[in-house]
Amino acid sequence: MTKNQRIVYIALLAAQAVIISILEQAIPFPFAIAPGAKLGLANIITCMALYTLSLKDVTKVVLIRITLSALLGGNLSSFMYSASGAILSLLGMMLVKQLGPSRISLIGVSVTGAIMHNVGQLLIASWIAQTWTVLLYLPVMSFIGILSGIAIGIIANYLLTHVEKLVYYRYLNE
């Protein structure tokens, strides 16, 4: 992949993630038992980037998504929650992916990202509230994160194996 192709690919992934993120904000809240829980659909793009780009480029995609999503459809607090969750999620996904495809699948990487995203958000919430009791919400959020992570992992895996360009970029990255 040439430098220009890589830049365009990063921009396309970031734009798709921003659009998905903004559309997800418009979806009514689906979880009555877990206020604030979201599906995390933009992580489909993060998973695809993780398997088709270098770690440096994946970080660019995530940072662009966080920044633009906050500017277009959020505020400072949503930026703080999103950034902490996304950065911790990305670190967790990168570390787990290093175990290799024989030990963990894309679905496992996605679930790790979902759980770490929840941990990051709850850490910020506990810091803002000045109490650790916010972390008692982690089991509920983790359960929803696991379900969401499985679904996102399945979708990302399907796209990575059935979209011709993604198959090619994944091959180049390996």
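The UniProt record, an unreviewed entry, puts "transmembrane region" at residues 6–23, 35–54, 66–92, 104–128 and 134–160. UniProt positions are in the numbering used here, feature names are shortened, and such annotations may be inferred rather than shown by experiment. Keep in mind that what we have is a predicted model, where local features need pLDDT of at least 70, side-chain atom pairs count only at pLDDT 80 or more, and totals for chains, interfaces and linings use all residues. Residues are numbered from 1 along each chain as its sequence is written, and side-chain values use heavy atoms, with hydrogens and water left out.

Let's look at two of those spans. Residues 6–23 come out as 100% helix and 0% strand, with the end C-alpha atoms 26 Å apart. Residues 104–128 are 92% helix and 0% strand, and there the end C-alpha atoms lie 35 Å apart.

Zooming out, the chain has seven helices and zero strands. Its radius of gyration is 16 Å, close to the 16 Å from the globule rule for 174 residues, so the chain is as compact as a globular protein of that length. That radius is taken over C-alpha atoms, and the rule is 2.2 Å times the number of residues to the power 0.38. Along the principal axes, the C-alpha trace spans about 50 × 35 × 25 Å. Of the 174 residues, 41% count as buried. Buried is under 20% relative accessible area, exposed is over 50%, and partly exposed is in between, using a 1.4 Å probe and protein chains only. As for contacts (heavy atoms within 4.5 Å), take the ones between residues at least 6 apart in sequence: 70% of them join residues at least 24 apart.

Thr 112 sits in helix H5, residues 106–129. Is Thr 112 buried or exposed? At 19% relative accessibility, it counts as buried. Leaving out residues up to four places away in sequence, Thr 112 touches Gly 92, Met 93 and Val 96. Lys 97 is 15 residues from Thr 112 along the chain, and their C-alpha atoms are separated by 9.7 Å.

Next, Gln 130, in the loop between H5 and helix H6 (138–162). Its phi is near 60°, a positive value in a residue other than glycine. Gln 130 counts as exposed because its relative accessibility is 64%.

Then Leu 159, over in helix H6. With a relative accessible area of 26%, Leu 159 is partly exposed. Again skipping residues up to four places away in sequence, Leu 159 touches Ile 44, Met 48 and Leu 166. Arg 103 is 56 residues from Leu 159 in sequence and 21 Å away in space, C-alpha to C-alpha.

Last topic: holes. Rolling a probe the size of a water molecule over the atoms shows where empty space is left. On a 1 Å grid over the protein atoms alone, a cavity is a set of points where a 1.4 Å probe fits but cannot get out, while a pocket is an open set with protein on both sides within 12 Å along at least five of seven lines; lining residues have an atom within 4 Å of a point. Points are joined across faces, edges and corners, and volume is the space filled by probe spheres set on them.

Met 93, the Thr 112 neighbor, is one of the lining residues, and Arg 65 is another. By class, the lining has four nonpolar, three polar and one charged residues. Nonpolar here is Ala, Val, Leu, Ile, Met, Phe, Trp, Tyr, Cys and Pro, charged is Asp, Glu, Lys and Arg, and the others, Gly among them, are polar.

And the second largest pocket has a volume of about 230 Å³. Its lining includes Tyr 51, Lys 97, Asn 157 and Arg 170, and divides into four nonpolar, four polar and three charged residues.

Technical notes. Helix = DSSP H or I, 4+ residues; strand = E, 2+ residues; numbered from the N terminus.
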